[in-house]
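Please read the following report with the sequence and the three-dimensional view side by side, and look up each residue as it is named.

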Amino acid sequence: GYATGKSAFGAALLFLCLQTFISTALAEESSMKTQPIREIEVNGLRSVDESEILYLLDLKKGTALDAKQLRIGIKRAFLKGIFQDIVVEGLDAQHDRIRVIVKEKNIIKSIDITGAAHFSSNFIIKSLSIKKGDRLNYGKLENSVATLQDILNRKGFPDSSVSYSVDEPRSNKVDVNITIAEGVPLLISEIRISGG
C-alpha cells in the first residue's frame, strides 16, 4: 500500500517541479520569442478528451507557448479534481513541439472494513467522507480516518485507533482498506439518581 505521508511529499515535489518549469519557461520567454506550436502530444488521459485538457491548459497548435497562460491553465486543470500530476514539456528549444503528460487520480473501487466488532460496516462507511466511485484524495482520506477515530472515541472507545491502506492500482481503480482496533470500551458500572 501507499505510505500516509506520500501525498503531501508528492504535492510539494509537484509544486517545485511546476515552479521550476514555469520559471524556466518565463526566463526563456523573455530572452527569446517562441515559435508557434506545431505539434502537441498528450499521454495518460483516461477520463477526459484530449481537446478538453488542451483547452484547460490553453495550448493550441499555431499559437506560441505563453508561460503565463500555461501557469493559469495548469491551475485550472487541477481544479477539475481528477488530476494527480500534470507535466508540460517542450521537446525542442523553440517549444514548437510540446508534450503533455497527465496522471489521473485513481477511482475508489471498494472500501473494506476490518476489526470492527461493535460497529457495523454500514455505520463506519457512512461516517467516512469518501465513498465508492470517488477519485482518491489522500488528504480527504486522512481527514476521514481522523474523524472516524473521533467518532469512535465519543461512542465510548477511548483507546480505539483507525488506520488505512490503499492497494496498488489495477487499471485506475484502487481498494481502500480501513482497519479498526476498538480497544477496551468504557462501560457503565453504576447509575446513581439523587434528588426527587
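## Aromatic pairs

A search of the whole structure finds 2 aromatic pairs, where the rings of Phe, Tyr and Trp (its six-membered ring) pair if their centres lie within 6.5 Å, and planes under 30 degrees apart count as stacked, over 60 as edge-to-face and the rest as tilted. In the pair of Phe 119 and Phe 123, the ring centres are 5.5 Å apart and the planes stand at 20 degrees, so this pair is stacked. In the pair of Phe 119 and Phe 157, the centres are 5.3 Å apart and the planes stand at 65 degrees, so this pair is edge-to-face. The second pair links distant parts of the chain, since Phe 119 is in the loop between strand E4 (107-114) and helix H4 (121-127), while Phe 157 is in the loop between helix H5 (138-154) and strand E5 (161-166), 38 residues apart.

The model is a predicted one, in which local features need pLDDT of at least 70 and side-chain atom pairs count only at pLDDT 80 or more, whereas totals for chains, interfaces and linings use all residues. Residues are numbered from 1 along each chain as its sequence is written, and side-chain values use heavy atoms, with hydrogens and water left out.

Ring pairs link Phe 119, Phe 123 and Phe 157 into a cluster. Both Phe 119 and Phe 157 are buried, where buried means under 20% relative accessible area, exposed over 50%, and partly exposed in between (1.4 Å probe, protein chains only).

| Residue | Relative accessible area | Class |
|---|---|---|
| Phe 119 | 14% | buried |
| Phe 123 | 27% | partly exposed |
| Asp 58 | 29% | partly exposed |
| Ile 107 | 17% | buried |

## The chain as a whole

The protein chain has 5 helices and 6 strands, and here helices (H or I, at least four residues) and strands (E, at least two) are DSSP runs, numbered from the N terminus. Along the sequence, these elements follow the pattern α-β-α-α-β-β-β-α-α-β-β. Of the 196 residues in the protein chain, 34% are buried. Among contacts with a separation of 6 or more, 60% are between residues 24 or more positions apart, a contact meaning heavy atoms within 4.5 Å.

The axes of helix H2 (residues 50-57) and helix H3 (residues 67-78) come within 7 Å and cross at roughly 125 degrees. These axes are lines fitted to C-alpha atoms, for helices over the stretch in contact, and angles run from 0 to 180 degrees between N-to-C directions. H2 and H3 are therefore oblique to each other, given that angles under 35 degrees count as roughly parallel, over 145 as roughly antiparallel, 65 to 115 as roughly perpendicular and the rest as oblique. Among the residues that make the contact are Ile 53 and Leu 56 of H2, and Leu 70 and Ile 74 of H3.

Asp 58 lies in the loop between H2 and H3, and its phi is near 60 degrees, a positive value in a residue other than glycine. For comparison, most residues other than glycine have a negative phi.

## Strands and their partners

Strand E2 (residues 83-90) and strand E3 (residues 97-104) pair in the antiparallel sense over 7 bridges, where two strands pair if DSSP finds at least two bridges between them. Ile 86 stands opposite Val 102 in E3. The hairpin of E2 and E3 has 6 residues between the strands, and in this hairpin His 95 takes a positive phi near 55 degrees.

An open sheet is formed by 3 strands in the order E4-E6-E5, with mixed pairing. E4 and E5 stand at the edges with a single partner strand each, so one side of each is left without a neighbour in the sheet. From one strand to the next, the twist averages 20 degrees. E4 and strand E6 (residues 173-181) pair in the parallel sense over 7 bridges, and H5 lies across E5 and E6, running at about 155 degrees to E5.

Which residue of E6 is the bridge partner of Ile 107? The partner is Lys 173, and Ile 107 itself is found in strand E4. Leaving aside its neighbours within four places in sequence, Ile 107 is in contact with residues including Gly 133, Arg 135 and Val 174. The C-alpha atoms of Ile 107 and Pro 169 are separated by 9.0 Å, although these residues are 62 residues apart along the chain.
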